[in-house]
Each structure stands twice: as C-alpha cells, then as structure tokens.
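Thanks for coming. I will go through one model today, and I will keep it short.

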Amino acid sequence: MMFGHGFVYVLRNAKSVVYGPHGKKIGTLGNIFMDVSTGDADYVTVHLGPFGARENFVSLEGATMENGHLQVAFEKTLILGAPDVAPFGELRDQDKNLLDRYYSVVNRAA
C-alpha cells in the first residue's frame, strides 16, 4: 500500500499504537515524512522503549492500516537497528538515501 496524498490524512488520524508484521505492538506513531517529489508518505517515526524515549524511522513499504492502526512490515528489532537519523525537521536527501538502503536490505533478507 502506498500512502499517497489521501492517506496522509488517514495516517494523521490513525490511532497512536503502531504494530509490527505479526500484530505485536512496537510503539507509538510519531511524525509523518513525505517524499518531496511524489507527495507520498514514505516514512514515519515510531516512539520505542520505555516512555517512548527513543524515536526511530520506519519505512511505510508494505505497511497497512488495520482497525485504524498502522501496521508496518518490519519487526521492532529491525526498526531499532535503523540508521540514527534526527526525527525532527526535514528528512534530508542523504538521510533518506541511508534509510532507503537499510530498509531495502532488511526487506530483501526477510
């Protein structure tokens, strides 16, 4: 599922819990990041750990909406291993490329 212009609204109104591929809670929804060239939402941040102390990027590749909740295609351990990119402000091209490479590798390995 691609999260295009119409789905940004759905994501913004999603319930805050984010689930992994097997329906296990992995954290709470943070910020939504859109690809500037397409306008599609391609990454979100997820607050992980005790009290949501950690915020990591996760790809929306393969993500779905289930009962108003975002369900991503990646396990929590893979999200925790994602490159350390600042979860605020604009997602810079070099950071997006780094995340794209990481998630394409872990996606192929799955």
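This is a predicted model: local features need pLDDT of at least 70, side-chain atom pairs count only at pLDDT 80 or more; totals for chains, interfaces and linings use all residues.

Residues are numbered from 1 along each chain as its sequence is written, and side-chain values use heavy atoms, with hydrogens and water left out.

The sheet is open and has 6 strands, in the order β4-β3-β2-β1-β6-β5, with mixed pairing. Strands here are DSSP runs of E, at least two residues, and helices are runs of H or I, at least four, numbered from the N terminus; two strands pair if DSSP finds at least two bridges between them. β4 (54-59) and β5 (64-66) are at the edges with a single partner strand each, so one side of each has no neighbour in the sheet. β1 (residues 17-19) pairs with β6 (residues 69-71) in the parallel sense, over 2 bridges. There, Tyr 19 stands opposite Gln 71 in β6.

Ile 79 is in contact, meaning heavy atoms within 4.5 Å, with residues including Ile 26, Leu 48, Val 58 and Tyr 103, leaving aside neighbours within four places in sequence.

Last, the pocket. What lines the second largest pocket? The lining is Phe 33, Met 34, Asp 35, Val 36, Ser 37, Asp 42, Glu 90, Leu 91, Asp 93 and Lys 96. A pocket is an open set of points on a 1 Å grid over the protein atoms alone, where a 1.4 Å probe fits, with protein on both sides within 12 Å along at least five of seven lines; lining residues have an atom within 4 Å of a point. β2 and α3 each supply at least two residues of that lining.
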